[in-house]
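Reader: I would like to go through the salt bridges of this model step by step, with the reasoning behind each answer.

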Amino acid sequence: MKKEKTSAERNETRQRLIESAKKEFFEKGVEQASLRTICKNAGVTTGALYFFFKDKEELLMETVREPIEKVFSIIKSHFDDEDSAVAKSEYETSEANENDMEASKKIFDVIYDNYDCFVMMFNNISKGSPFEKFYDGFVEMAQKHYRLFSDEMSKKFGIKKVDDYIIHWQSHYQFGSFMQLVLHVKNKKEAMSYLPVILNSLEASFYSVCLGTEGNKKLFDTALKMMKKQ
């Protein structure tokens, strides 16, 4: 009679499959990755694989789940802090810039510690791909944040509310900027050196989108008055 595996043994088998799948997916890509090879390298049968995972896509998503959840958590915490500051009228641009940099560095630590994972995901973000929902999740989170922030700016400066599509575009633009940096710069230290320029560019773009010509003039006039008082 065959001895039934213990919970610890099943977990060990599952983890071997995940590690084998990471190697196969990262080296060969999503389309060319072979489940047979994954099982062979993990030392299990294909039947064992389907005991743990419904199909290839579910196994694929498991290989990237943990690092993606870490990035989600960092972004959500950062946005929640800014939303709270905006709601309480405690938002300070200089402090926000420092917080943006700190959050970006944390995100890059996760991305570059799991570089192959994120490169695979970024190279396979297309409509209908299993990674589409993750990217959409990032964009949706940013949209909610920028919608709140831009509405507060509209009230503060008495200017027209920003169109929803522009907020959507700005959110895509932000994540697209980081995605392109990661895809083109493999060295974390080098990528980090570009962060100040990219963040300043994104901030300038965001204020331009939120405020428009009229709002930017009011912001400049307000800053000028403050300088004269000093």
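Reader: Which residue does Glu-62 meet in a salt bridge?

Author: In this predicted model, the side chains are paired with an N to O distance of 3.7 Å, which falls within the 4 Å limit for a salt bridge. Glu-62 lies in helix α4 (residues 56–87) and its partner in helix α1 (residues 7–32), so the pair ties together parts that are 48 residues apart in sequence. The partner of Glu-62 is Arg-14.

Reader: Is Glu-62 buried or exposed?

Author: The relative accessible area of Glu-62 is 16%, and the cut-off for a buried residue is under 20%. Arg-14, at 27% relative accessibility, counts as partly exposed, whereas Glu-62 is buried.

Reader: Which residues are linked with Arg-14 in a network of salt bridges?

Author: The salt bridge between Glu-62 and Arg-14 belongs to a network of such contacts. Besides Arg-14, the linked residues are Glu-62, Arg-65 and Glu-69.

Reader: What separates Lys-23 and Glu-27 along helix α1?

Author: Lys-23 and Glu-27 form a salt bridge, with their closest N and O atoms 3.2 Å apart. Lys-23 is partly exposed at 49% relative accessibility, while Glu-27 is exposed at 54%. Because the two are 4 residues apart in helix α1, the separation is about one helical turn.

Reader: How many salt bridges does a search of the whole structure find?

Author: Another of the pairs is Glu-66 with Lys-70, whose closest N and O atoms are 3.8 Å apart, and these residues are 4 residues apart in helix α4. Across the whole structure, the number of salt bridges found is 15.

Definitions and conventions:
Residues are numbered from 1 along each chain as its sequence is written. This is a predicted model: local features need pLDDT of at least 70, side-chain atom pairs count only at pLDDT 80 or more; totals for chains, interfaces and linings use all residues. Side-chain values use heavy atoms; hydrogens and water are left out. Buried means under 20% relative accessible area, exposed over 50%, partly exposed in between (1.4 Å probe, protein chains only).
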